[in-house]
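Here are my notes on the fold, as numbered points. Please read them with the model open.

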Amino acid sequence: MQHFLLSPQSRTLKLKTIYRLSEWEVFRLMKGTRWGNPDNLNDVCCPHCNIRHHAYFLSSRKRWKCKHCSRHFYITTNTIFVFHKLELVDLLAAITLFVNEVKGISAITMSRHLGVSYKTAYVLCQKLREALFKTRNLSPLQGEIHQDGMWINFRQRKANFHNNRAKQREKKTGYPKFRPTKRCIISLVQRASNDELQSSNRTIVAMDYTENADTIFAMNKRFVKQGSDIFCDENPAYKQLDFHYNVWSVNHQEAYNYQGINNNLAESFNARFRDLHRGVHHKCDNKYALHYANQAAFMSDNRQKSNGELFNDILKRCLWVLPLREWVGYWQGNHRTQELIGITAFSPEEISQTYFKNLNEMMKYEQELLAA
Ligand SMILES: [Zn+2]
């Protein structure tokens with residue numbers, strides 16, 4: 001069978017198309033993605049007071065004025081792209097480049113494509129990752145779920161002194177020490193055929209210091225429906241799950257697939273994330289490691305979708321996510337202060353940063369338009 005990425009269905013969007021859009025076409029596209037109804041520019045939802053109405057549109061400044069709170073707003077107000085300095089078309093091009101790289105894109109590559117500095121490109125890529133992270137689907141998994149953990153940032157490089165080299169060649173001993181930055185990325189992957197609504201695999205990732213039983217139990221309790229089939233390896237951390245779930249484990253010292261039992265969906269996520277982490281980014285700070293893992297999960301879950309679909313998906317997410325302090329003035333020192341260890345990655349402030357109210361209103365409105 002032909003690989004999906006070789007088929008014409010996988011490429012429905014060209015960079016050329018994006019750069020040929022006029023300023024107004026870009027504006028209309030973004031307006032339609034954020035509030036729907038791209039033909040009527042007046043029909044918007046005020047980001048300050050969240051009331052949908054026909055606002056005044058000041059076309060010379062491309063700004064709206066709310067009839068209720070009288071405040072002005074722009075297409076990127078209260079989104080992840082707030083205070084952007086790049087042209088809107090460059091933001092769209094960045095999303096296109098981002099979805100075209102199935103194993104992730106480095107900030108250096110992005111900076112060369114767009115002709116911007118490394119710092120700008122880094123923050124832009126991180127904003128896209130943040131939008132994916134904040135809008136990830138955390139509804140419970142069911143059916144067949146494969147689970148595994150993988151280590152990142154673990155290898156300690158040995159000191160390479162000239163005097164010691166001969167000795168090192170002779171000995172070839174000394175198992176490399178583990179770094180204090182070592183972390184474990186835990187992934188829960190649901191097989192596509194178990195979910196009629198989604199019809200694609202779904203991955204939820206978490207990070208911890210080790211693959212420990214408490215985190216795995218807490219994650220399963222929260223994200224996996226009781227009675228599901230869990231496929232894992234022989235790690236004792238999964239042993240306590242068998243009260244609520246059917247646990248099938250495979251001994252990796254014997255085989256990776258023993259009599260049809262395997263956790264290969266999780267292993268294949270690990271492989272993709274390993275490619276992204278080691279091959280493209282080379283390293284990542286533990287504060288943002290989960291964002292990279294979530295990007296790999298997104299690309300892995302949506303690998304059967306065309307780049308046009310992915311583009312629309314990511315643009316929508318970017319326009320729904322509220323701005324974050326850590327990406328406004330990042331290079332001036334507004335950094336994230338804590339790592340997202342264990343279940344803290346699913347705390348309310350990590351998942352409620354989106355504009356769900358706006359989204360629901362938009363969907364209701366679109367249905368009304370369709371019905372009329
Ligand atoms: Zn308002």
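1. Contact means heavy atoms within 4.5 Å. Axes are lines fitted to C-alpha atoms, for helices over the stretch in contact, and angles run from 0 to 180 degrees between N-to-C directions. Helices (H or I, at least four residues) and strands (E, at least two) are DSSP runs, numbered from the N terminus.

2. The model is predicted: local features need pLDDT of at least 70, side-chain atom pairs count only at pLDDT 80 or more, and totals for chains, interfaces and linings use all residues. Residues are numbered from 1 along each chain as its sequence is written, and side-chain values use heavy atoms, without hydrogens and water.

3. Start with the five-stranded sheet. This sheet is open, with mixed pairing and the order β8-β7-β6-β9-β10. Two strands pair if DSSP finds at least two bridges between them. β8 (202-208) and β10 (246-250) each have a single partner strand, so one side of each lacks a neighbour in the sheet. Neighbouring strands are turned by 25° against each other on average, direction ignored.

4. Within that sheet, β6 (residues 144-152) and β9 (residues 229-233) pair in the parallel sense over three bridges. I145 has I230 of β9 as its bridge partner.

5. Helix α8 (residues 264-281) lies across β6, β7 (183-190) and β8, at about 35° to β6. Helix α9 (residues 289-301) packs on the sheet and touches β6, β7 and β8; its direction makes about 165° with that of β8.

6. Now the three-stranded sheet. It is open and antiparallel, in the order β3-β4-β5. The edge strands β3 (56-58) and β5 (72-73) each pair on one side only. Three bridges join β3 to β4 (residues 63-65). Y56 stands opposite K65 in β4. Helix α2 (residues 23-35) lies across β3, β4 and β5, at about 45° to β4.

7. Which helix axes cross at roughly 135°? Those of α3 (residues 88-100) and α4 (residues 107-114), which come within 11 Å. That makes α3 oblique to α4 (angles under 35 degrees count as roughly parallel, over 145 as roughly antiparallel, 65 to 115 as roughly perpendicular and the rest as oblique). D90, A93, A94, L97 and F98 of α3 make the contact with M110, H113 and L114 of α4.

8. Last, D313 in helix α10 (residues 307-320). The C-alpha atoms of D313 and T33 are separated by 9.3 Å, yet these residues are 280 apart along the chain.
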